[in-house]
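Subject: Structure handover

Hello,

Here is the structure for you to look through. My notes follow below it.

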Amino acid sequence: MCVRNISHTFKLVPNRFVPTHEHVLKNDVTLLQDFIQSYAKLFVITGAGISTESGIPDYRSKGVGLYSQNSYQPMRIKEFLSSSQAQRRYWARSYIQWPIFSSSQPNQSHYILNDWFSKEVRDVKLRPDADIYLEEDEVSRFILPKCPSCDIGIMQPNIVFFGANVKKEKVEQIYEKINYCDSILVLGSSLQVFSALRFVLRGKERNLPIGIVSLGPTRGDNLAKFKIVARLGEILPIIKI
C-alpha cells in the first residue's frame, strides 16, 4: 500500500522487547494518514519504544520492559556524582555493554522518519541507557577513565542522566520549533519523563492538535486528539507521504 521505496535492508530482530499487541486496524491507519496529510509542519517526538524493534528494550512496556522484568533502576545523576565507586560501576557496565549496544541497527521506523524529514538518522538509543548488571567485584577491577583535559576531574558521559536537567538553551530551542509547527505526533513514548511531556504540554497551550501512536499508556493520552495502539513497524510503512 505504501508508495515509498526505501532501499535499506533490515536485519530481522526477534521482537522480544515489543509488548503483546493486536494487528493495526484499518481505521487507525486512515486516522493517522488523515492527520499527517492535514498539517504541513509536523513536530515529532519519539521515545524508546521506537527502538524496541531494533532489539533495544525500553523501561515501561508491560511484560517486556526492564521495569517489568526486574527491580532494575537506571543510575541517577546524584548517585553518579556521589562516589568514584558509583562512577566505576557506571563506566564498567557501559564498557562491557557497548559492543552489543553499538551493533544495533536502525529499524524500519527510523528510516521512515528519516525519509519523512530528509535528514540523517543518528540516534538509536540494550538497556535504554546501554547499561548491564555486573557483580561488585567485577566493577572494582575496572579502571576509571580520566578527564582528558585536567586528568583528575570526573569523566561524565555527554548524556542527560535521570534526575538531571536538559540544558535550558536546548529546551528553548525546541520550544521555538514547536511555535513554528502546526501539530505534534508522539511515536513510541510513554511521556513519563517530564523532559518529553513538557513539549506536549506546550503544544496543548498553543492549541496544537496532538496525535499519539504507542503500544502502552502515556501521560499525554488525555491531551491528545487521538491515541492509536499499534506497533510502529507495522503502521508507519503503510502511511503515504
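Is Arg202 buried, partly exposed or exposed? At 22% relative accessibility, Arg202 counts as partly exposed; buried means under 20% relative accessible area, exposed means over 50%, and partly exposed lies in between, with a 1.4 Å probe and protein chains only.

This is a predicted model, in which local features need pLDDT of at least 70 and side-chain atom pairs count only at pLDDT 80 or more, while totals for chains, interfaces and linings use all residues. Residues are numbered from 1 along each chain as its sequence is written, and side-chain values use heavy atoms, with hydrogens and water left out.

Overall layout

The chain has 9 helices and 4 strands. Helices (H or I, at least four residues) and strands (E, at least two) are DSSP runs, numbered from the N terminus. Along the sequence they follow the pattern α-β-α-α-α-α-α-α-β-α-β-β-α. Of the 241 residues, 45% count as buried.

Salt bridges

A salt bridge is a side-chain nitrogen of Lys or Arg within 4 Å of a carboxyl oxygen of Asp or Glu. The count comes to 3 salt bridges.

- Glu205 and Arg202 meet at 3.5 Å, N to O. Being 3 residues apart in helix 8, Glu205 and Arg202 are separated by about one helical turn. Glu205 is exposed, at 60% relative accessibility.
- Glu79 and Arg89 meet at 2.4 Å, N to O. Glu79 lies in helix 3 (residues 77-82) and Arg89 in helix 4, so the pair ties together parts that are 10 residues apart in sequence. Glu79 is partly exposed at 32%, whereas Arg89 is buried at 14%.
- Asp221 and Lys227 have their closest N and O atoms 3.3 Å apart. Asp221 is partly exposed at 29%, and Lys227 is partly exposed at 27%.

Arg89 is also in contact (heavy atoms within 4.5 Å) with Met75, Glu136 and Val139, among others, leaving aside neighbours within four places in sequence.

A buried charge

Glu234 lies in helix 9 (residues 232-235). The side chains of Glu234 and His23 are joined by a polar contact of 3.1 Å. A polar contact is a pair of N or O atoms within 3.5 Å; within protein, one must be able to donate a hydrogen and the other to accept it, and residues adjacent in sequence count only if both atoms are side-chain atoms. A polar atom of the Glu234 side chain also lies 3.3 Å from the backbone nitrogen of Val24.

Helix 7

The 13 residues of helix 7 (residues 168-180) should span 18 Å at 1.5 Å a residue, and the end C-alpha atoms are 19 Å apart, which agrees. The expected span is 1.5 Å times one less than the number of residues. Val171, Tyr175 and Ile178 are the buried residues of helix 7. Seen down the axis, these buried residues fall within an arc of 55°, so they line one face of the helix; the arc is that of the directions from the helix axis to the C-beta atoms. On the other side of helix 7, Glu169, Glu176 and Tyr180 are exposed. The buried residues pack against strand 1 (42-46), strand 2 (183-187) and helix 8 (194-205).

Regards
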